[in-house]
Amino acid sequence: MAGGRPRTFDADASLDRAVDVFWQQGYEGTTISELTAAMGVNKPSLYAVFGTKEELFQQVVRRYAERELAYFGDALEQPTALEVVRDYLDRNAAALTRSDRPRGCLSIQGGLSANPANSTVTQFLASSRLAGEHALAARLTQARNDGDLPADSDPAALARFVMVFSEGQAVHAAAGATHQELQQSADIALKAFELALTPAS
């Protein structure tokens, strides 16, 4: 039996363009018409290839994490806990203020709040952010087991501190904070992290 009409667009390139639209406008602020115009596809093709708007958004967030947040995985490979956090915070400050990308972070701008009908979107984003926090906590647990962190340190609390801070940085970046300003804040946060590693006297 003959197959369907061959696809006439690059799905990956279209997905990348959808990343930009959702990143700039958030989930609720983005319409299907804006997506089809940016992605270069018609509505039937969008639904056939990417599914519903929510399913497309989930694909967008995963692609964003793979391409735009790859530096987070690189940071986890640093040899010490302090270097992990320093590398992440430094590169995060730079990524949030790139001139060639929307400011801030898709996982923050995408939908911190939403109509109750779209609560699954905010839950998906929260789960995505929590996965990063758990990955950092696991790396810090490894550091504690290796003797790189004090035995009485709390990897989960330390990871939560770092991620809460970085998410706040994203909010400020979206509001216009410069790379220099975010870097100054990151330097202070790193000192606070280092101080938290000092054994109690």
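Before you click, note that the model is predicted, so local features need pLDDT of at least 70 and side-chain atom pairs count only at pLDDT 80 or more, while totals for chains, interfaces and linings use all residues. Residues are numbered from 1 along each chain as its sequence is written, and side-chain values use heavy atoms, with hydrogens and water left out.

**Stop one: helix H6.** Select residues 81-95, which make up H6. Helices here are DSSP runs of H or I with at least four residues, numbered from the N terminus. H6 has 15 residues and reaches 21 Å from first C-alpha to last, close to the 21 Å expected at 1.5 Å a residue; the expected span is 1.5 Å times one less than the number of residues. Now colour its buried residues, where buried means under 20% relative accessible area with a 1.4 Å probe, protein chains only: Ala81, Leu82, Val84, Val85, Asp87, Tyr88, Leu89, Asn92, Ala93 and Ala95. What covers them? Show helices H5 (70-76), H8 (119-145), H9 (155-174) and H10 (179-196), which are among the covering elements.

**Stop two: the rings.** Rings of Phe, Tyr and Trp (its six-membered ring) pair if their centres lie within 6.5 Å; planes under 30 degrees apart count as stacked, over 60 as edge-to-face and the rest as tilted. That rule gives 6 aromatic pairs. Pick Phe22 and Phe57: they sit edge-to-face, 4.9 Å centre to centre with 75° between the planes. Phe22 is in helix H1 (residues 11-25) and Phe57 in helix H4 (residues 53-68), 35 residues apart. Phe22 is buried at 0% relative accessibility, and Phe57 is buried at 0% too.

Next, jump to Phe72 and Tyr88, whose ring centres are 5.3 Å apart with planes at 75°, so this pair is edge-to-face. Phe72 lies in H5 and Tyr88 in H6, so the pair ties together parts 16 residues apart in sequence. Both Phe72 and Tyr88 are buried.

**Stop three: Ser153.** Go to the loop between H8 and H9 and select Ser153. Is Ser153 buried or exposed? At 9% relative accessibility, it counts as buried. Its side chain reaches the backbone oxygen of Pro150 at 2.7 Å. Leaving aside residues up to four places away in sequence, Ser153 touches Arg144 and Leu158, where contact means heavy atoms within 4.5 Å.

Notes
Helix = DSSP H or I, 4+ residues; strand = E, 2+ residues; numbered from the N terminus. Buried < 20%, exposed > 50% of the residue type's maximum accessible area, 1.4 Å probe, protein only. Polar contact = N/O pair within 3.5 Å; in protein donor to acceptor, adjacent residues only side chain to side chain.
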